[in-house]
Amino acid sequence: MRELNRTLTDALLEPILARDPAGPRITYYDDATGARIELSALTLANWAAKTANLLRDEFGLTPGARVAVLLPAHWQTAAVLLGCWWAGAEVVLRPDDDAELALTTAGRLDEVDHIAEVVALSLDAMGGPVRDLPLGVTDFATSVRTHGDQFHSRGADLALDGTSVADVLAQSRESAARQGISEKDRVLSEAPWDTSAEVIDGLLAVYAAGASLVQVDNADPAKRAPRVGTEHVTVSRS
């Protein structure tokens, strides 16, 4: 693949897929519901490809399009972000006026009512749909499943909140080194992904190092120590 067409997702996933496609890449817990979902690198890539195909085929987005992502730290959010970058989109983590499309939870629809196209995610543990959506809002779970799980990536200059693909990748690698994350690590995190810095430190640094992420939502402090042992955690961050 020519470097010009190389996306952030290519740079993050290609080494992992080549080395260990079947190993766990994101393990998601919600301690409020008891949910636990684990995706291999291959499954995560398939979800990302479906998302990229949704953006291109259903919404006609082209490389360089701005996509607002208003989602918490979640396995579906990881797939959405990787899919956006595979499609060549620039992700903005706010309801930007110049965004062509927004991906958000049902509870934040009022923040993106000025954006032309809106996709809502239920964040259901098993990927279920959002019920009773307003007219004109697309349900992610229903729509994304109809799209292919392979995607030919589309390069673009910008990746995240106005920062270039090269700079986000460099920052992710620097963050991984700073946090002491290597490809052999299982990283436990309870931190949000609300800002670009949090996305880089909490998600992208893990994949830039080739590591595996255990992401916990609504964390129960009493479950942290047992989880470290159960999930073979080697690096913990809060």
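Select Arg-108 to begin: at a relative accessible area of 30% this residue is partly exposed, a term that covers the range between buried (under 20%) and exposed (over 50%), computed with a 1.4 Å probe on protein chains only. The model is a predicted one, in which local features need pLDDT of at least 70 and side-chain atom pairs count only at pLDDT 80 or more, while totals for chains, interfaces and linings use all residues. Residues are numbered from 1 along each chain as its sequence is written, and side-chain values use heavy atoms, with hydrogens and water left out.

Next, select Arg-36 and Glu-231, whose side chains form a salt bridge at 2.9 Å, N to O. This pair links distant parts of the chain, 195 residues apart, with Arg-36 in strand S2 (residues 35-40) and Glu-231 in the loop between helix H7 (221-230) and strand S12 (235-237); helices (H or I, at least four residues) and strands (E, at least two) are DSSP runs, numbered from the N terminus. Glu-231 is buried at 4%, whereas Arg-36 is partly exposed at 39%.

Finally, display Leu-8, which, leaving aside neighbours within four places in sequence, is in contact (heavy atoms within 4.5 Å) with residues including Trp-85, Ala-159 and Leu-204.

Definitions and conventions
A salt bridge is a side-chain nitrogen of Lys or Arg within 4 Å of a carboxyl oxygen of Asp or Glu.
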